[in-house]
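Subject: Structure for you to look at

Hi,

Here is the structure I promised to pass on. Please open it alongside this note, and I will go through what turned up.

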Amino acid sequence: MTAFTLNGERREVDADPDMPLLWVLRDELGLTGTKFGCAVASCGACTVHLNGEPVRSCQTFLGDVDGAEVTTIEAIDTPAARAIRAAWIEEQVPQCGYCQSGQIMSASALLAAMPKPTDADIDEAMEGNLCRCATYVRIRRAIHRAAEIMEA
């Protein structure tokens, strides 16, 4: 049995400790906002926060989260996440939308740690999140806009 805090609630999961967290979230707990992308931590679609830090849930295992705090796109509600969501809408970032939950999780972590990132900071923080629609310019613009929203 693995116990951890998921989106603010204590959860116990009776599954193989080597099961990727992504499958625990989607198949065992029914949280489908976290997306399957590549399964090798190369695309970022499966990004969640583990103790406040972005991680790829396809390469984080159930045994790794015992006693930890996991936050998914369904429940992230920090000032940075709220600003990111508003900016995402203002800047019309989503195209197909598939990568967006991972993009938002990574961008929220960036702004929580660095309220006024430069283009280089954004590029570095977001480089592991791929967008098949190539909305990178809009993503960067939205992160800058979210920083402005947070500062206001």
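Let me start with Ile73. Leaving aside residues up to four places away in sequence, Ile73 touches Gly33, Thr34, Arg85, Ser101, Ile104 and Met105. Please keep in mind throughout that this is a predicted model. Ile73 sits in the loop that runs between strand 5 (69–71) and helix 2 (79–90). Is Ile73 buried or exposed? Its relative accessible area is 15%, so Ile73 is buried, the cut-off being under 20%. Ser57 is 16 residues away from Ile73 along the chain, and the C-alpha atoms of the two are separated by 12 Å.

On to the domains. The domain assignment of the chain gives domain 1 (2–71) and domain 2 (79–151). Their contact takes 14 residues from domain 1 and 10 residues from domain 2. Taken over C-alpha atoms, the centres of domain 1 and domain 2 are 21 Å apart.

Where does the largest pocket lie? Domain 1 and domain 2 both give residues to its lining, so the largest pocket lies between them. It holds about 200 Å³ of space. If you want to select the lining of the largest pocket, take Phe36, Gly37, Cys43, Ala45, Cys96, Tyr98, Cys99, Leu130, Cys131, Arg132 and Cys133. By class, that lining has nine nonpolar residues, one polar and one charged.

The second largest pocket has a volume of about 160 Å³. Its lining consists of Gln103, Ile122, Asp123, Met126, Glu127, Asn129, Leu130, Tyr136, Val137, Ile139 and Arg140. Helix 4 and helix 5 each supply at least two residues of this lining, and the largest share, four residues, comes from helix 5. Sorted by class, the lining of the second largest pocket has six nonpolar, two polar and three charged residues.

Asn129 is found in the loop between helix 4 (119–126) and helix 5 (136–151). With a relative accessibility of 1%, Asn129 counts as buried. Which residues does Asn129 touch, not counting those up to four places away in sequence? They are Cys43, Gly44, Thr47, Arg56, Gly102, Gln103, Ser106 and Tyr136. For Gly44 there is also a distance to check: a polar atom of the Asn129 side chain lies 3.2 Å from the backbone oxygen of Gly44.

Finally, some backbone angles. Most residues other than glycine have a negative phi. Asn7 has a positive value, with phi near 50°. Asn7 is found in the loop between strand 1 (2–6) and strand 2 (9–13), and it is partly exposed, with a relative accessible area of 22%. Ala134 also has a positive phi, near 60°. Ala134 belongs to the loop between helix 4 and helix 5. At a relative accessible area of 52%, Ala134 is exposed.

Best wishes

Conventions. Residues numbered from 1 in each chain as written. Predicted model: local features only at pLDDT ≥ 70, side-chain atom pairs only at ≥ 80, totals over all residues. Heavy atoms only, no water. Buried < 20%, exposed > 50% of the residue type's maximum accessible area, 1.4 Å probe, protein only. Polar contact = N/O pair within 3.5 Å; in protein donor to acceptor, adjacent residues only side chain to side chain. Contact = heavy atoms within 4.5 Å. 1 Å grid on protein atoms, 1.4 Å probe; cavity = no way out; pocket = protein on both sides within 12 Å on 5 of 7 lines; lining within 4 Å. Points joined across faces, edges and corners; volume = space filled by probe spheres on them. Nonpolar A, V, L, I, M, F, W, Y, C, P; charged D, E, K, R; others polar. Domains from an automatic or database assignment.
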